[in-house]
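Thanks for coming. I will take one structure today and go through a few of its contacts. Please have the sequence and the model open.

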Amino acid sequence: MIFNSHHQPNIIVPITGTTAQMLLEEARAAEAAGADVIEWRIDFLIGTREMLSFVEIGKEVIEPLLKATTLPLLFTLRTAEQGGQVKLRSGRYRLLFAEL
C-alpha cells in the first residue's frame, strides 16, 4: 500500500484507454477527481496493437501523458494469464520491459 505524507492510503486510479487521446483524457479526469497516483494499464493499449514497442509508446503516449498530469504514473502490463488484456510469449514480455 502506498501512503501519503499524512500516513493515509493514496488513491490509485487505473487508466485503460486504447488510444493516446483516450489515455490523456482519462489521466486528466483522474487528476481532477482527486487521484494521488495514476496506474496505466499498458496491456489495454498493447492488446489492440500487438507489435507496438515501448519506444513507440514513449513517443506517442508517455511524453504527452507526463505533460498532461502532475501525478506519478505506475505502469502495469498484465498478460492474459495474469488477468490482463494481452497474450504475450515470455520472450516478448521480457523484450518489452528491456526496452523500457
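**Around E39**

Setting aside neighbours within four places in sequence, E39 is in contact with I12, V13, P14, I15, L74, T76 and R78, where contact means heavy atoms within 4.5 Å. Before going on, the ground rules: this is a predicted model, in which local features need pLDDT of at least 70 and side-chain atom pairs count only at pLDDT 80 or more, while totals for chains, interfaces and linings use all residues. Residues are numbered from 1 along each chain as its sequence is written, and side-chain values use heavy atoms, with hydrogens and water left out.

E39 lies in strand β2; helices (H or I, at least four residues) and strands (E, at least two) are DSSP runs, numbered from the N terminus. E39 and T16 are 23 residues apart in sequence, and their C-alpha atoms are 8.7 Å apart in space.

**Salt bridges**

How many salt bridges does the structure hold? There are two, a salt bridge being a side-chain nitrogen of Lys or Arg within 4 Å of a carboxyl oxygen of Asp or Glu.

One of them joins R78 to E39, with the closest N and O atoms 3.7 Å apart. This pair links distant parts of the chain: R78 sits in the loop between β3 (73-76) and α4 (90-99), E39 sits in β2 (residues 37-41), and the two are 39 residues apart. Is E39 buried or exposed? E39 has a relative accessible area of 12%, so it counts as buried. The cut-offs are under 20% relative accessible area for buried, over 50% for exposed, and partly exposed in between, with a 1.4 Å probe and protein chains only. R78, at 32%, is partly exposed.

D43 and R41 also meet through their side chains in a salt bridge, at 2.7 Å from N to O. D43 is buried, with a relative accessible area of 0%, and R41 counts as buried at 9%.

For an exposed residue, take R94, which lies in helix α4 and has 55% relative accessibility. R94 and E63 are 31 residues apart in sequence and 22 Å apart in space, C-alpha to C-alpha.

**The nonpolar core**

In soluble globular proteins, nonpolar side chains tend to be buried together. Here the largest nonpolar core has 24 residues, and those with the most contacts inside it are I15, I38, W40, I46, I57, V61 and L65. A nonpolar core is a set of buried Ala, Val, Leu, Ile, Met, Phe, Trp, Tyr and Cys residues joined through side-chain atoms within 4.5 Å. At least two residues of this core come from each of α1 (20-32), β2, α2 (42-48) and α3 (54-68). The most come from α3, with six.

Not counting residues up to four places away in sequence, I46 touches I57, L77, V86 and L96.

**Two helices**

How do α1 and α3 pack, and at what angle? The angle is about 25°, with the axes 10 Å apart; axes are lines fitted to C-alpha atoms, for helices over the stretch in contact, and angles run from 0 to 180 degrees between N-to-C directions. The two helices are therefore roughly parallel to each other, since angles under 35 degrees count as roughly parallel, over 145 as roughly antiparallel, 65 to 115 as roughly perpendicular and the rest as oblique. Where they meet, A20, L23, L24, A27, R28 and E31 in α1 face E60, V61, P64, L65 and A68 in α3.
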